[in-house]
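Please examine the protein shown here together with its ligands.

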Amino acid sequence: MTTAAPTPPPKLTIKIDGREIAYEKGDTIIRAAYKAGIDIPHYCWHPGLSVAANCRMCLVEVLPPPGRPAMQLDILRWDAEKNEYIPQKKPKLLPACQQDCAPGMEVLSESSANVDEARSAVQELLLLNHPVDCPICDQAGECRLQDYWLEHQRKGKRMHQEPVHKPKAVVFGPTIVYDAERCIVCTRCVRVSAELARDPVLSIRERGNLGEVVVSPGRELDHDYTLMTEHVCPVGALTSADFRFKARVWFLRSARTICQGCATGCNAFLDYDPRNNTPYRHRPRDNEQVNKYWMCDEGMLSYKHAIEDRQTVALVGGEDTHLADALIAAKEQLKGMKDDPERVAIILSAQHSVEDNFALLTLARTYIGAVDFFVSGKPLGRGDTILMNEDKNPNTRGVIALVASTSNAGGAVAAPRPIADLLKGIQAGKYTFAIGLGADLEVDAKEAKSALSKLRGFVVIASHEGPLPQSAHVVLPACAWIEAEGTYVNHKGIAQLSHKALRALDEARPGWQLVADLGKALGYATTWKRVSDLRAAMPAEVQAPKPGVGEPTQPTEPTAAAAVAAPIQANP
Ligand code: SF4
Ligand code: SF4
Ligand code: FES
C-alpha cells in the first residue's frame with residue numbers, strides 16, 4: 001500500500017509594493033523585507049537587537065483585508081486656499097519593525113503618498129535640533145540622516161528658533177566619544193550594551209528633545225564590545241576614539257577580511273586608503289554562522305598589529321640583507337639537512353594562512369622527507385561566551401586539519417605538536433635543523449631562544465618581529481595577512497577567505513611564495529606558481545567555498561552615500 005506524500009505547508013507570503021516575498025513565522029514586516037533585500041528606512045531597528053520602535057522612520061501602510069474597512073485617523077489638514085484647517089481622515093500607519101507579518105498581508109512602503117509624507121515629517125522632526133555639522137562629522141558619507149534626508153525629505157528647515165544645545169565630545173570610556181546634539185535617541189547603543197555585551201552600562205536620560213544617552217554613575221563604557229555601540233549608531237553621535245578625525249570615508253576602500261584576533265574568525269571589512277596604503281578601521285561583516293553582526297573591541301582594533309613591528313626585509317645573522325642573498329644563505333645553513341630528515345623539525349604557524357602552511361608542509365614532506373611537525377602561535381588569552389575565543393590564533397584548526405589530512409600513508413603523523421616538545425627535543429639533541437613559519441611562540445621567549453640557538457641551521461619565514469625570527473640564522477620577510485589573500489579555518493572548522501587589502505611593504509612576499517623560493521634555492525621545483533595552483537592541491541576541508549561561508553549571508557543595505565561613492569559597504 002502506498003502512502004500519499006505529506007502536503008507541504010503553504011508558503012507564507014506578504015506583498016510589499018506589489019512584490020510578493022516569503023516570510024517565516026514570527027517575522028516582522030521589516031525583517032521579511034530585509035531578508036528579501038527590500039530597504040524599508042529605519043534608524044532604531046537592527047536585525048541583531050530587540051525592537052524599540054521609537055524612531056518611526058519605518059512607518060508603512062498596511063491595506064485592510066478585502067471587505068474590511070481601513071483603520072483611519074481623524075486629522076486636520078491645512079487648506080491654503082481656504083486659509084483654514086479642514087477635518088480629514090487618513091490611514092493609520094504602522095511601524096514595520098514592530099508589526100508581525102500575516103498571510104497575504106499587503107504593505108505599501110514606497111508606493112504610498114501617506115508613507116512618503118510621514119517619513120518626511122519624521123526626518124524633519126529628527127533634524128529640528130540637529131547641529132548638521134556634517135563637514136566635521138566622522139559619520140558623513142555613511143550617515144542615515146544624510147541619506148534619508150535626500151531620499152525622503154529634500155526640504156529646508158522650517159524652524160528658525162535656536163536649537164536645543166546638549167553636551168558635546170563627552171568621553172564615555174577609552175574607545176568612545178559622544179555628541180548628544182547629534183543623537184537621535186534611537187537606543188541602539190543602549191541595547192548593544194545590554195543585549196550583546198550583557199552590561200547595561202548605557203541608558204537614556206530625560207525625554208523628548210532633552211533626551212540623551214548617559215553612562216551609569218561611577219562607570220565607564222568599557223566592556224569588550226564598546227566599538228559595536230559606535231558601529232550601530234546610525235548617525236555621528238558616537239565616534240570611535242581610534243577612527244575619530246582620521247579619514248573621510250569616501251576616500252576609503254573595503255576589503256573582505258577575516259579577523260585575526262582569535263579562533264572565532266569573525267567576518268570583517270578592512271577599510272583602507274589605497275593612496276597612502278594605510279588601514280583605518282576594521283568592522284563587522286554579517287555572517288549568521290560565525291559572528292552574526294558583531295566583533296569584539298580587541299578584534300576591531302587588531303588591524304593595527306598587521307602593520308606594527310613588521311619584518312619587511314630579509315635577515316642573515318640578524319643583519320638586513322637582500323632576499324636573494326638570504327636565500328643563498330638559507331641553502332648554506334641547511335646543508336646536510338636531506339641526509340637525515342628525522343633531525344629536521346618543521347614549525348607550522350596557527351597565525352599564518354592555510355596556503356602558507358600547506359606550502360611549507362608540502363616542501364617538508366615531498367622534498368625534505370620530514371616527519372616531525374610543530375605548531376607556533378600566540379598563547380591562550382581571555383575568552384567569553386559571546387564571540388571571543390581563548391585561542392588567540394586564527395588558524396589553529398587549519399594547521400591541525402592540514403597535518404592530519406596530509407599524513408603519510410602509514411599515518412605516521414596525526415597532529416602537530418606544541419613548541420614545548422620541540423624545545424625539549426632540541427635540548428635532548430634530537431634536532432639539528434628547523435624551518436619555521438611565524439613569529440610568535442606560546443612559551444617563554446628567553447627559554448625558547450636558548451634552546452633554538454642550539455640548532456645548526458634555522459630558517460624562519462615571518463611577517464613580524466618576534467622570538468622565532470630573533471632566534472633564526474636566516475629570516476625571510478613574509479606579507480602580513482592584510483597584504484595577501486589567505487584561508488583561515490576557525491574553531492568550528494569553517495574555512496574562510498580573507499582578501500588582500502594593502503600593498504606589500506619592502507621585500508615582503510606571501511609566505512607560500514617564500515616557501516617556493518626556498519624550495520627552489522634548495523633544488524626543489526614546486527608545482528605551484530600562483531595561489532590558485534596551491535589551492536587546487538589543498539585538501540577539501542581547508543578550502544574556503546567561493547562564494548560561501550566567508551561571504552555575508554544577509555543582504556547588505558544600500559545607502560545613498562554607498563550608491564554614489566561605492567567604496568564602503570553599508571552596515572545594517
Ligand atoms: S548615540 Fe547613536 S545609537 Fe545611541 S541612541 Fe544616540 S543615535 Fe542611537
Ligand atoms: S571574537 Fe575573535 S575573531 Fe571575533 S572580532 Fe574578536 S578577536 Fe576577532
Ligand atoms: S525602525 Fe524605528 S520605529 Fe521602526
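The following questions and answers treat this predicted model.

Residues are numbered from 1 along each chain as its sequence is written, and chains are lettered from A and ligands numbered from 1 in the order in which they are written. In this predicted model local features need pLDDT of at least 70, side-chain atom pairs count only at pLDDT 80 or more, totals for chains, interfaces and linings use all residues, and side-chain values use heavy atoms, with hydrogens and water left out.

Q: What percentage of the residues in the protein is buried?
A: A residue counts as buried under 20% relative accessible area, as exposed over 50% and as partly exposed in between, with a 1.4 Å probe and protein chains only. The protein has 572 residues. The buried share of them is 54%.

Q: How many helices and how many strands does the protein have?
A: Helices (H or I, at least four residues) and strands (E, at least two) are DSSP runs, numbered from the N terminus. The C-alpha atoms fill a box of roughly 100 × 80 × 40 Å along the principal axes. Within the protein, the count is 15 helices and 25 strands.

Q: Which residues are the closest to ligand 1?
A: A residue is near a molecule if one of its heavy atoms lies within 4 Å of it. The shell around ligand 1 holds 14 residues, of which 12 are nonpolar, one is polar and one is charged. The closest are Cys183, Cys186, Thr187, Cys189 and Cys233.

Q: Which residues of α4 are buried?
A: Helix α4 is mostly covered, with seven of its nine residues buried. The cover includes α3, β10, β11, α5 and β12. The buried residues are Arg188, Cys189, Val190, Arg191, Val192, Ser193 and Leu196.

Q: Is aspartate 199 buried or exposed?
A: Aspartate 199 lies in the loop between α4 (188-196) and β10 (202-205). Beyond its neighbours within four places in sequence, aspartate 199 is in contact (heavy atoms within 4.5 Å) with Ser193, Ala194, Arg219 and His223. Because its relative accessible area is 16%, aspartate 199 is classed as buried.

Terms used: Ala, Val, Leu, Ile, Met, Phe, Trp, Tyr, Cys and Pro count as nonpolar, Asp, Glu, Lys and Arg as charged, and the others, Gly among them, as polar.
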